[in-house]
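Subject: Structure for your files, with notes

Hello,

Here is the structure we talked about handing over. Notes on what was found in it follow below.

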Amino acid sequence: GPTSTLAEVSVQESTFTISVTSSADGHASVILLPGSGNTAPEDPEDLLTGNVNAMEYQSKSVRANEATNFTFSGLVQYAIYEVMGAANNGDGKPSEVSTLGVGTDDTHAPGLSATDPATGYDPVLPVEGTVVLVFDEPVLYDDTKDLTFNTLYGGGTILAGTVEVDFNVV
């Protein structure tokens, strides 16, 4: 059968494009999977026909030694995905399954969308009180840095104690 290779073409926050290059005229198919370390289908024909569990499946006709682009959209930003692909020739003989890891970008800072307690003068929160911050996207916390709050009066700062992060809630 032919050989096929996958290559990254472009990556944005929630979209990326990869290319498949096959050594023969025929068809190429790709699947999108979350994370990394996914098990490739044992039979490349299962991937070529879409007979696999995947987030997305795409198939196109390809020309020998010409890169054919496949675009995946609506993805989570700053996430890792795996693309698996295979191609076949005019006789239907499949290539081996190729795998490519792709991570989406995150070029916009998260925005604070809600707090508990709400921002304002009431209620007055004791220093040892719990504060919940809700952001408009998933966030990561760098535990090598301090999280501090400015006091309303006096211009002081208070160092946060325990910090827990769950997706977009701190």
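In these notes a residue is buried under 20% relative accessible area, exposed over 50%, and partly exposed in between, computed with a 1.4 Å probe on protein chains only. The model is predicted, with local features requiring pLDDT of at least 70 and side-chain atom pairs pLDDT 80 or more, while totals for chains, interfaces and linings use all residues. Residues are numbered from 1 along each chain as its sequence is written, and side-chain values use heavy atoms, with hydrogens and water left out.

Salt bridges

A salt bridge here is a side-chain nitrogen of Lys or Arg within 4 Å of a carboxyl oxygen of Asp or Glu. Searching the whole structure gives two of them.

One pairs D25 with R63, with 3.4 Å between the closest N and O atoms. D25 sits in the loop between β2 (16-22) and β3 (26-34), and R63 in the loop between β4 (56-62) and β5 (68-72), so the bridge ties together parts 38 residues apart in sequence. Strands are DSSP runs of E, at least two residues, numbered from the N terminus. D25 is partly exposed at 37% relative accessible area, whereas R63 is exposed at 51%.

D142 and K145 form a salt bridge at 3.9 Å, N to O. D142 is partly exposed, at 35%; K145 is exposed, at 54%.

S4

S4 belongs to strand β1 (residues 4-11) and is buried, with 10% relative accessibility. Its side chain makes a polar contact of 3.1 Å with that of S95. A polar contact is a pair of N or O atoms within 3.5 Å; within protein, one must be able to donate a hydrogen and the other to accept it, and residues adjacent in sequence count only if both atoms are side-chain atoms. Leaving out residues up to four places away in sequence, S4 also touches V20, G85 and E96, among others; contact means heavy atoms within 4.5 Å.

Nonpolar cores

A nonpolar core is a set of buried Ala, Val, Leu, Ile, Met, Phe, Trp, Tyr and Cys residues joined through side-chain atoms within 4.5 Å. The largest has 18 residues, of which F16, I18, V30, F72 and V83 touch the most other members. At least two residues of this core come from each of β1, β2, β3, β5, β6 (80-89) and β7 (98-103). Another core, of seven residues, lies apart from it and includes I31, L48, M84 and A86.

Regards

Note on methods: Helix = DSSP H or I, 4+ residues; strand = E, 2+ residues; numbered from the N terminus.
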